[in-house]
Structures are given as C-alpha cells and as structure tokens.
Amino acid sequence: MIRVQRQDFDVGTEIEALTRGRTDVGAVVSFTGQVRDDAEGDRLKSMTLEHFPGMTERELMRVEEEARVRWPLLDVLIVHRHGELLPGDRIVLVATLSHHRSDAFEAALFLMDYLKTRAPFWKRELRESGERWVEARGSDDEAAARWR
Amino acid sequence: MKLLYFAWVRQKIGRSEEVVDPPANVRTAGDLAAWLVLRGEGYADALADLKRVRVAINQEHASFAAPVGAGDEVAFFPPVTGG
C-alpha cells in the first residue's frame, strides 16, 4: 500500500493498522525519514517537496511490487509527504511485515534505496542564505545499484 | 503532445506544462529536448545539458533515445531527491 499526502502521519497508528488482528506476522520493520538541519551556520528554515501527481504514486507502487517479488512480505506500507515541511518534521515512512526479521529489514532498506532514486520528488530548501534545490547524490545511486 | 516540467526545469522554462506540435524530424525524447532548446533562453538553460535532466514518457522513466509521438505526455525534470 502506498500513500502520497500533505498531512503528517503517526507511526504507531500506521503500524497498529497494519498488524491489527494478524497472528502470522513475526517481524515489523519501520523506517521514518525526517527533515534534518545539518548545515553549520546556514540554518534550514523549511523544505518544500514537489512531486509529480500520478507518476509519483505509480513509481512507489512499482517499488513496492519489486520488493514483494524479492522478499516474502506479508504487507508493505509507504507513506511519503509533499508540500512545505520544517526541520524535525517527518517526510517518509516505510514499513515491512514478514514472518522473519531478515526479510523485513532487507526489504525496508531496499524500498528506501529504490524510492530515493526513482520516485519523482524534488526537495527545495529555504535556508538563511536563500533558496536552493537539493542536488541528487551519487551515493544514493550507488545504494540503489547494489540491489541489481 | 503534452509537456510537463518539474522543479528547476519548470522554474527555468517559466511554466509547468504546455501543449506542443513538434516537426516530423523530432522522433526521440532527445530530439524533443534539442527542438525545445531553440525556443528561447529559458528552455536552453533548462535542457541544453541533458546529463543534468531526466525524462519520463507517459509517467514512466525513459531514456533520451526513446521514441515520442503526438499522443504522448513527456515530462522533463532534474534527478529526483525524495525520501
């Protein structure tokens, strides 16, 4: 299941909804990505995430399908926000459910690596010094490439 | 043909979408970008260096060698930075 939304999400509520009434799930892994202010002396005021309505949802669905082919997952959830976010705000949630922990751990890492290089989102930062688009990182491409 | 632009490609071109009717010698996404570059400074600034740009045809990632036609929706954008 994937969702692209402006509003915040609650990790506990999402995990509860995924696992409620199930007795076959042995492992739940969740990853939450947050807006980080890591610049020294040039503080991040806000970040705006632009997306491609339609294609963004389709790419996230493709990434989920790919993970389900590679690992025996009982469920998958990807929630990704768009719009204006502040330092400390949640951006993305990936949750994986499986019988055994290694499948859930590996699939969660795969989902994040893949969505970072495939899902059409673009971050624009507003810093004290001005505005700038975040540039794609080669290390993200390398992280995605190791799954090929 | 419907064109969509995102992030700094949109800002440089100055619009988020438009409908165009390119000439018959525009056969690929790369041809389309090269034709758009001729339309003005903003287009040239956005699309002259295709190493910095990505393309999607009908909401699927594509290469600049991929064919484009009259009914296609073609999107140009920078490498993605979500997550």
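Predicted model: local features only at pLDDT ≥ 70, side-chain atom pairs only at ≥ 80, totals over all residues.
Q: By about how much of helix H2 of chain A are A:Arg68 and A:Glu64 separated?
A: The two side chains meet in a salt bridge at 2.8 Å, N to O. A:Arg68 is partly exposed, with a relative accessible area of 34%, while A:Glu64 counts as buried at 10%. Because they are four residues apart in helix H2 of chain A, the separation is about one helical turn.

Q: Is B:Lys51 buried or exposed?
A: The side chain of B:Lys51 meets that of B:Asp49 in a salt bridge, 3.6 Å from N to O. B:Asp49 is partly exposed, with a relative accessible area of 34%. The cut-off for exposed is over 50%. B:Lys51 has a relative accessibility of 71%, so it counts as exposed.

Q: How many salt bridges does the rule find across the interface of chain B and chain A?
A: Over all chains the count comes to 24 salt bridges. One that joins the two chains is between A:Glu50 and B:Arg10, with the closest N and O atoms 2.5 Å apart. Across the interface of chain B and chain A, the number found is three.

Q: Which element gives the most residues to the side of chain B that touches chain A?
A: Across this interface there are 13 residue pairs in polar contact. On the side of chain B, two or more residues come from each of helix H1 (7-13), strand S4 (60-62) and strand S5 (73-77). The side of chain B that touches chain A divides into 10 nonpolar, seven polar and three charged residues. The element that gives the most, with four residues, is H1(B).

Q: Which three residues supply more of the area that chain B buries against chain A than any other three?
A: The interface brings 20 residues of chain B into contact with 28 residues of chain A. The two chains bury about 1,900 Å² between them, 57% of it on carbon and sulfur atoms. The three residues that supply 36% of the area buried by chain B are B:Gln59, B:Thr81 and B:Gly83.

Q: Near what value is phi of B:Gln59?
A: Most residues other than glycine have a negative phi. B:Asn58, in the loop between S3 and S4 of chain B, has a positive phi near 50° and is partly exposed at 34%. B:Gln59 lies in the loop between S3 and S4 of chain B and counts as buried at 15% relative accessibility. Phi of B:Gln59 is also positive, near 65°.

Q: Which residues have the most contacts inside the largest nonpolar core?
A: This core has 34 residues.

Q: Is A:Ser98 buried or exposed?
A: A:Ser98 lies in strand S6 (residues 90-98) of chain A, and its side chain reaches the backbone nitrogen of A:Ala104 at 3.3 Å. Residues that A:Ser98 touches include A:Val25, A:Leu74 and A:Asp103. The cut-off for buried is under 20% relative accessible area. A:Ser98 is at 0%, so it counts as buried.

Q: Which residues does A:Pro72 touch, not counting residues up to four places away in sequence?
A: A:Pro72 is in the loop between helix H2 (55-70) and strand S4 (73-81) of chain A. It counts as exposed, at 52% relative accessibility. Its C-alpha atom is 43 Å from that of A:Glu40, a residue 32 places away along the chain. With that exclusion, A:Pro72 touches A:Ser98 and A:Asp103.

How values were computed. Residues numbered from 1 in each chain as written. Chains lettered and ligands numbered in written order. Heavy atoms only, no water. Buried < 20%, exposed > 50% of the residue type's maximum accessible area, 1.4 Å probe, protein only. Contact = heavy atoms within 4.5 Å. Buried area = accessible area lost by both parts, 1.4 Å probe. Salt bridge = Lys/Arg side-chain N within 4 Å of Asp/Glu carboxyl O. Polar contact = N/O pair within 3.5 Å; in protein donor to acceptor, adjacent residues only side chain to side chain. Nonpolar A, V, L, I, M, F, W, Y, C, P; charged D, E, K, R; others polar. Core = buried A, V, L, I, M, F, W, Y, C linked by side-chain atoms within 4.5 Å.
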